[in-house]
Amino acid sequence: MLNALPPGRRGPCCEGDPCRDISVDDVILGAVLRAARERADISPARAAAYLKLPETRIRRLEAGRAAWSHAHALSLTRCYGLADENLDELERLLAPEHRHVVADFGAGRCQRLAAVEARATRIRVASRTVPAFLHGSGTPQQTGHVTAPEQRRLSDDCPVTLLWDEFALECGHGDASRTAACLRHLAAMVDAGVLHFRLLVPDFKVWSEPVGAELTLDTGSVVFVDEQLPLAVTYSNGPEAGWKTSSLDRQLAAARSAEDSLAALHRAAKQWGDRA
């Protein structure tokens with residue numbers, strides 16, 4: 001989504017033209033610092049007074065509609081009582097250049113991802129494996145996975161769509177019993193109405209393209225998240241991620257119906273269970 005303000009930080013223009021999308025690290029910082037402010041029970045007005053800024057400016061920064069400065073971001077981390085290691089990691093994320101791809105390698109990446117996801121009003125995922133956030137009790141766990149199941153909101157106010165290709169049901173995820181448990185867990189979430197599951201049968205026109213998770217935030221902006229287990233979380237937006245939204249739209253338009261997809265998921269769970 002295009003913002004009303006220019007990027008506000010130095011760097012090359014995107015694709016030769018002035019870019020009107022905010023730098024993706026500003027979006028991350030806005031979500032993280034809003035979550036930290038709320039945990040500290042500090043109002044936007046008090047935070048604004050601390051920085052000697054208008055309250056509207058704080059709200060725009062938190063919404064990812066304005067560019068953060070190092071001085072303001074780091075001052076607020078101290079105001080909110082964040083630990084020094086979190087402060088150092090946030091400082092590494094905030095580069096002076098305008099950019100649309102940023103990788104978070106810090107130890108606090110789980111919490112930062114949770115803060116961004118908490119702002120999501122819709123999530124769409126195209127993956128060939130079970131996303132880490134969907135692992136739950138009885139499913140095969142991945143050592144060091146980035147997010148925990150409770151960190152992503154699976155509820156009516158933030159619908160989650162998972163797009164898989166047919167091969168994902170056939171190849172398995174560990175041994176037979178673990179695969180069966182994983183697929184039963186996914187089916188249970190679909191049956192409960194907290195997960196929309198669509199299956200893509202590859203053909204010569206539309207192939208499954210794993211693009212990660214598309215987060216539509218409450219500001220209307222879109223951020224893509226690639227959880228590169230177990231080392232990093234990579235965020236992208238703007239021109240670097242526009243093709244991913246188009247790919248998701250194309251794949252979902254070609255996917256099997258929700259009813260057929262769920263039936264295939266139940267069949268696969270039973271087949272893997274019979275092999276266990």
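Biologist: Which residues on the other side of helix 5 are exposed?

Modeller: On that side, Asp84, Glu85 and Arg92 are exposed, a word kept for over 50% relative accessible area, with buried meaning under 20% and partly exposed lying in between, for a 1.4 Å probe and protein chains only. This is a predicted model, in which local features need pLDDT of at least 70 and side-chain atom pairs count only at pLDDT 80 or more, while totals for chains, interfaces and linings use all residues. Residues are numbered from 1 along each chain as its sequence is written, and side-chain values use heavy atoms, with hydrogens and water left out.

Biologist: How do you know that the buried residues of helix 5 line one face?

Modeller: The buried residues are Leu87, Glu89, Leu90 and Leu93. Seen down the axis of helix 5 they fall within an arc of 165°, so they line one face of the helix; the arc is taken from the directions that run from the helix axis to the C-beta atoms. Helices here are DSSP runs of H or I with at least four residues, and strands are runs of E with at least two, numbered from the N terminus.

Biologist: What do the buried residues of helix 5 pack against?

Modeller: They pack against helix 1, helix 4 (70-79), strand 1 (101-104) and helix 6, where contact means heavy atoms within 4.5 Å.

Biologist: Why is Asp165 called buried?

Modeller: Asp165 has a relative accessible area of 6%, so it is called buried. Asp165 sits in strand 3 (residues 160-165) and touches Arg128, Leu199, Leu200, Pro202 and Ser208, residues up to four places away in sequence not being counted. The C-alpha atom of Asp165 is also 8.8 Å from that of Glu209, 44 residues apart along the chain.

Biologist: What makes the pair of Trp164 and Phe197 edge-to-face?

Modeller: One aromatic pair is found in a search of the whole structure. The ring centres of Trp164 and Phe197 are 5.9 Å apart and the planes stand at 75°, so the pair is edge-to-face. Rings of Phe, Tyr and Trp (its six-membered ring) pair if their centres lie within 6.5 Å, and planes under 30 degrees apart count as stacked, over 60 as edge-to-face and the rest as tilted. The pair links distant parts of the chain, with Trp164 in strand 3 and Phe197 in strand 4 (residues 196-200), 33 residues apart.

Biologist: Are Trp164 and Phe197 buried or exposed?

Modeller: Trp164 is buried, and Phe197 is buried as well.
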